[in-house]
Amino acid sequence: MDGGALSVLPVGAGVRGAPLLRCLLRGVCGGVRGAGSTRLLDRLHRNRGAAVWETPSSSPGPVGSALSTKFGPRPVVMAGGILAALGMLLASFATSLTHLYLSIGLLSGSGWALTFTPTLACLSRYFSRRRSLATGLALTGVGLSSFAFAPLFQWLLSHYAWRGALLLVSALSLHLVACGALLRPLFLTEDPAVGGPGAQLASLLHHGPFLRYTVALTLINTGFFIPYVHLVAHLQDLNWDPLPAAFLLSVAAISDLVGRVASGWLGDAVPGPVARLLMLWTTLTGVSLALFPVAQAPTALVALTVAYGFTSGALTPVAFSMLPELVGTGRIYCGLGLLQMVESIGGLLGAPLSGYLRDVTGNYTASFVVAGVFLLAGSGVLITLPHFFCFSAPTLKPQDLVTEALDTKVPLPKEGLGED
């Protein structure tokens, strides 16, 4: 679909469901990781190195991609919402950290992976032009939810204890099912040519630029989430109260929201490959992370949090909108699923590594510096991508055009389907 008019964004119900899903996913997950992880570890008497081993992973992403290729994203996302809610429900009865690993990390993590990957891939298939802006607008729900959920989850912990808070989060997660029902898949002209999931996977595993891009995002992902996981604990080490510390995550979320929209617009407005813009935001995010231990005064911490929120939010839409340029829109389900499975390794290891460094050193200085180094290393890998030093925008390919909707009972609006 040509992104010639932003009125295309709510085409059918499919795109309308995407921002809602982003909002719920990041809000629930961010609330549990940021404000909740410290409290859960204290209740279960575990060290900081254990933090976030219980948080979700994206390892089932290829499964969701294969299922979405065969059945469409709608039933897959709805099933993922049920798994996410069930995992949170079982976590509320946890008596050990292993219980949390299995319930939140495995069950809810699988549900969120089945929800996130098909939704974002479905959105990418709607646009060939202005894809970065469309992705940025859809992901604004992430910033809104992060702003609300960090202090909300802290409030729930204070009033209902962590078990009651997880029960309420479980009920909220069921809204993912309703959002998934709004998704509407599309049929593209290149779909028959790319083959089934097995053929697509074999093609991607021999695709050099895709493999290098996966390495880059894995490095980025290793350090990307550290503030959302450990910033509250870091501020408490600096004698901040829990609620103001959680509110600082909300400040980062507002800045994150602005960064997503601004970067989405720049990704389509600036000529040349999106990889250059992604490298810029990644470098700035890495620098801001490395500077966190230097900031001690409240004003400096707020300023640095705003900078981190903006740059980390800015890199997200261009990171996802760049993938169709590398692998083609027809392979986006399989490509995004494989990418998220591999990059989840970085997210899985990064937060426990930073917690371990805190346990060893007694503070978070090394944790934030190492996180920044991982992002800077990812920036270096991005330079190796094709056409990185090109100064002309890539030519649109006919494979990016939508020709037919799978669900013929609800016709697509005519506007935006033609050329500009």
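In which helix is S68 found? In this predicted model, S68 lies in helix 2, which comprises residues 61-71. With a relative accessible area of 3%, S68 falls under the 20% limit and is therefore classed as buried. When residues up to four places away in sequence are not counted, S68 touches P73, V76, P118 and Y333.

The protein chain as a whole contains 16 helices and two strands, and buried residues make up 57% of its 420 residues. Of the contacts in the protein chain with a separation of 6 or more, 85% are accounted for by residues 24 or more positions apart. The accessible surface of the chain comes to about 15900 Å², and carbon and sulfur atoms contribute 70% of this area.

Because twelve of the 17 residues are buried, helix 10 is largely enclosed by the rest of the structure. The buried residues are P209, F210, Y213, T214, A216, L217, T218, I220, N221, T222, G223 and F224. The cover over these buried residues includes helix 9 (197-205) and helix 11 (226-237), together with helix 13 (274-291), helix 14 (298-327), helix 15 (332-361) and helix 16 (365-382).

Conventions. Residues are numbered from 1 along each chain as its sequence is written. This is a predicted model: local features need pLDDT of at least 70, side-chain atom pairs count only at pLDDT 80 or more; totals for chains, interfaces and linings use all residues. Side-chain values use heavy atoms; hydrogens and water are left out. Buried means under 20% relative accessible area, exposed over 50%, partly exposed in between (1.4 Å probe, protein chains only). Helices (H or I, at least four residues) and strands (E, at least two) are DSSP runs, numbered from the N terminus. Contact means heavy atoms within 4.5 Å. Accessible areas come from the Shrake-Rupley method with a 1.4 Å probe; for residues, only the protein chains shown count as cover.
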